[in-house]
Structures are given as structure tokens and as C-alpha cells.
Amino acid sequence: MCLGIPGQITEITDADRLMAMADVSGVRREVSVACIATGALQDLVGEWALIHVGFAMSLIDEDEAAKTLEALRGLGEAQETLEAMAEGDAALEGTQ
Amino acid sequence: MRYVEEFRDPVAAKAVLAAIETVVDEIGATAEKPVHIMEICGGHTHAIFRYGLDRLTPAGIEFIHGPGCPVCVLPMSRIDECVEIAERAEVIFCTFGDAMRVPGTKKSLMQAKADGADIRMVYSPLDALEIARRNPDREVVFFGLGFETTTPSTALSIQQAAREELSNFSVFCNHITVPPPIKALLDDPHMVLDGFVGPGHVSMVIGTHPYDFIAEEYGKPIVVAGFEPLDLLQSVLMVLRQIRDGRAEVENQYARVVPEHGNPVSLAAIDDVYQARPSFEWRGLGEIDASGLRIRHAYAAYDAEEKFRVGYGAGPRLVAEPEGCACGLVMTGRIRPTGCTQYGTGCTPEMPLGALMVSSEGACAAYYQYGAMMTDDPAPAVMEAAE
């Protein structure tokens, strides 16, 4: 019920009703941009938004997405370091 | 697809799982003494089972499936009221597909449609608005269902109908809000919960501050989470780290979509069109104060309850559950789905007895679909054995 999918706004279709075309995973669907239309409507074209029941509910923040992925990558690197440490310990004890 | 695939990377998942294992060990949680983490949202319940996260994570973590599936917490009496409205000759009744097979005391919307009612499954309330424009001689009723994620869509649709003076459109409002049932669960002295994975899409509307009471008054961690497997795993790790460090904070893992203060346009539309009901009935949880919304008097012309004189205020409320149905016990974490005597026999997705088997976000449907049916474990999951 609360599912939402990222979609990219491709054009404004009805400025009066705040409607726009969105590309959602290759499917084109007209959506309301009322919730994200705080500035000039045309500026929304090209933006990514979370689409839910025919409404673009929230703009997706590219910087925040990058930060989250960065944190995840950091975990991966930490894990590699930990594994390297464990390898090192095993090498010292001759149990490799 | 952008913003999806990156958050499904199996290599990154392995690293997060390893970090989770480390923290679970540091906490000293085991299968016998697990940490109990509730995912509030039904979308998260579905994702946990779909990606097998319950099996990938250590046995020291027990997921408790929260009340965040709006179809599942809807009482049978509300389905009866839908059927009553839908069976009127002048009505075209529009609903999200999820609600079609939820049993009422007499029939489901699916059965009512088979019996001749004009019931249409739509993707958006905007579709219902368009049906109303094209059918000026019919009454078009939209079944407004869902948490704060979905509430703005019906509020904006009602505002649009008012602007167009569309007099044949109304909403049967069953919108509910997340914080009141969480408070009710936290007030239950027998409920054991160590932390929460918070609902991401509800939060993109309301922001993160409505959860402050969970951390400040109840001392429990909550991390607002996205819906991809890496989002969920990272959020579980963040909850575990809070537990390990003795912190209780509201953290936001899903900052790419969830602004701290929510969406101002959505909040304004909700406030303009809706007001809290004194209380609302939740299946399995009973009446909860100020947990449901009704349409304000200024928009009474768009309120199906007013228009057709059904629902709250129209007479005594009938509280009914089907014989043998344990949805209420599952919903409050007293038993697992497999602990219900009807599970997989008297109640299946094809022939559901209770709502938890209907919606893909229901715990029973998720268990059934993703192969937990054979789990031989009827033991109470979260309730203390003290009583």
C-alpha cells in the first residue's frame, strides 16, 4: 500500500492541474506534481521523484543517496580491513 | 533502474550482514535471548520475506511484524460498509486492488462485484476523479485507505474536485495514522520491543519528528528506513548499534527521500481536508484514540459517510471477527502466523479467512508466499512468558 517507485519527470503536461509525465521504470504515466511543485514547474523536468498512487510525493536527493551508498561502501572497506587483520593474525600464528 | 539497483548490491549486503553479526555478538543476543526489532510498515514486512532477510540475519535478531498494513488492520464492519455503498445502483465504487478480497461479514468487494455491483480497481484516486468527470449521472466513490503516505493523494483529489465543483465524487475515508498504534503497543506492559525500523514513505510526508516520543518518552531506538534490501539491512545495523551503545534516537537512513520536516504541501492538504476522529477501530488492536481521520465539515459534500449515511455516527458499531481467526493475536505479536490453527488450511491467499492473508503486506501472506509455511514454531514470539 505504501509502495513507491522512483520515476523521472520528463515533461509538464498540464500546468493548471500540476500534472506531468513521469518515466517509471520505462513506463510512462501522467502524475500529479502538486506535492513537489514549490518552484518553477519547468525546473522539475529531469528531476527524480518518488511516485506513489499517481503522485510525485518527494524529490529524490541525489547527494543524500550518494552519502548512503558511501556509508555502505565504507562498511565494505571496513569489512575488508577486518578480514585482512584476521588473515594477519592467522599468519602470525601459523594457522593459515 | 536508478535509485533501485544500487541498493540491491549483493557484495555490499555481505558487508552489512557481517557488521550486523559483529554487533549482535557485542550485544550478546542469541536465538534464546534475541533482540526484538519491530518493522512497523507492511512494505518492510514484505521486503524482509521477499529478500529472505529474516534468514540472512543472525538468529539473535527477531523481527516483529508491526501494524503497518492498512488493509490488514481494517475491521470487517468497514468492508461491510463499502459493500453497502458499492451495491447502490447509482454508485461506481473505486478501490485499490489490495482491498478487493478482504472478507466482510457477508461478502468481500470481489464477491459484491461478481454479484453485479459496479466496482472498479484503480491505480490512483485521480483515476476515480476522471471516472467521475466522465460519468456525471453516476455517484463515484473512492475507497480512501492507507496511512500518511496515501492520505495526501485523497486530500489533493478532494481539493481538486472542490475546485472543479464536481458534485458526484466522494471519498469513503479510512485513513489512519502511524504514531497512535505505536504508542498503544509501547503502552502494552507485556510487549517486548528493543527498537523499531520506521516507515520510510509515511515519513516522507510527516518527517521524522512525530517519532521523537519513541526515543524520548519510551527510550527506544527508531531508524526510518528505505525499502530496498540494503536500506533495510543498514537500518537494522543502525538500530543494533543504538542498542549496543545504550542510545535511543530517531535516525534517518532514508534521507534521500525523507526530509526531516516532511512534505509541507502534503501536510497542508491533509490539515485542510481532514481532522482526527475521536477514535478509530483497528482490527486486532481495538479502538485507538485519535488514530483515524475524517473529512472536515467544510468538505462534507465529498464525504461518502455523510452522503450515504453509513459508518461512524450512523448507528452502533458491529465488531466481528471470523470464527477461528487469530489475526489480532498475530498483529500484536502474541503468536507467529504459523501459530494460527487456520494458517495454510482454513486460511490461504486464495481463500482468506483473515485480512493478514489477503494483502501482500500482511505477515501471514508473506510467510505463506515465501515458504515459511512449514516452520514448525507456534511459540509466542514476543510476549513475555510472565503472565
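Two strands pair if DSSP finds at least two bridges between them. Helices (H or I, at least four residues) and strands (E, at least two) are DSSP runs, numbered from the N terminus.

This is a predicted model: local features need pLDDT of at least 70, side-chain atom pairs count only at pLDDT 80 or more, and totals for chains, interfaces and linings use all residues. Residues are numbered from 1 along each chain as its sequence is written, chains are lettered from A and ligands numbered from 1 in the order in which they are written, and side-chain values use heavy atoms, with hydrogens and water left out.

## Strand S4 of chain A

Start with S4(A), residues 48-52. S4(A) runs antiparallel to S1(A), and 4 bridges join the two. Ile5(A) has Ile51(A) in S4(A) as its bridge partner. S4(A) also pairs with S5(A), again in the antiparallel sense, over 4 bridges. Here Ile51(A) stands opposite Ala56(A) of S5(A). S4(A) and S5(A) make a hairpin with 2 residues between them. In that turn, Val53(A) has a positive phi of about 40°.

How many residues of S4(A) are buried? The count is 5 of the 5, so S4(A) is largely enclosed by the rest of the structure. Buried means under 20% relative accessible area, exposed over 50%, and partly exposed in between (1.4 Å probe, protein chains only). Both faces of S4(A) are covered. Trp48(A), Leu50(A) and His52(A) are buried on one side, Ala49(A) and Ile51(A) on the other.

## The interface of chains A and B

36 residues of chain A are in contact with 49 residues of chain B. Contact means heavy atoms within 4.5 Å. The size of an interface is often given as the accessible area lost when the parts come together. Chain A and chain B bury about 3,700 Å² between them, and 69% of it is on carbon and sulfur atoms. Buried area is the accessible area (1.4 Å probe) that two parts lose on being put together, summed over both.

Between chain A and chain B there are 9 residue pairs in polar contact, both residues at pLDDT 80 or more. A polar contact is a pair of N or O atoms within 3.5 Å; within protein, one must be able to donate a hydrogen and the other to accept it, and residues adjacent in sequence count only if both atoms are side-chain atoms.

Which elements supply the side of chain A that touches chain B? Strands S1 (5-14), S3 (27-32), S4 (48-52) and S5 (55-59) and helix H1 (62-93) of chain A each give at least two residues. H1(A) provides the largest share, 10 residues. By type, the residues on this side of chain A divide into 21 nonpolar, 10 polar and 5 charged. Ala, Val, Leu, Ile, Met, Phe, Trp, Tyr, Cys and Pro count as nonpolar, Asp, Glu, Lys and Arg as charged, and the others, Gly among them, as polar.

## Salt bridges

Side chains of opposite charge can pair when their charged atoms come close. A salt bridge is a side-chain nitrogen of Lys or Arg within 4 Å of a carboxyl oxygen of Asp or Glu. The structure holds 31 salt bridges over all chains. Across the interface of chain A and chain B the rule finds 3.

| Salt bridge | Closest N and O atoms |
|---|---|
| Arg2(B) and Glu62(A) | 2.9 Å |
| Lys107(B) and Glu87(B) | 2.7 Å |
| Glu130(B) and Arg134(B) | 3.0 Å |
| Arg247(B) and Glu251(B) | 3.8 Å |

Lys107(B) lies in the loop between S3 (91-95) and H5 (109-114) of chain B, and Glu87(B) in the loop between H4 (76-86) and S3, so this pair ties together parts 20 residues apart in sequence. Glu87(B) is partly exposed at 40% relative accessible area. H4(B) is mostly covered, with 10 of its 11 residues buried. Among them are Met76(B), Ile79(B) and Cys82(B).

Glu130(B) and Arg134(B) both lie in helix H6 (125-134) of chain B, 4 residues apart, about one turn of the helix. Glu130(B) is partly exposed at 28%, while Arg134(B) is exposed at 64%.

Arg247(B) is partly exposed, at 27% relative accessible area. Salt bridges that share partners join Glu26(B), Arg244(B), Asp245(B), Arg247(B), Glu249(B) and Glu251(B) into one network.

## Positive phi in loops

Most residues other than glycine have a negative phi. Ser25(A) has a positive phi of about 55° and is found in the loop between S2 (19-24) and S3 of chain A. The phi of Arg309(B) is also positive, near 55°. Arg309(B) sits in the loop between H13 (304-308) and H14 (327-331) of chain B and is exposed, with a relative accessible area of 64%.
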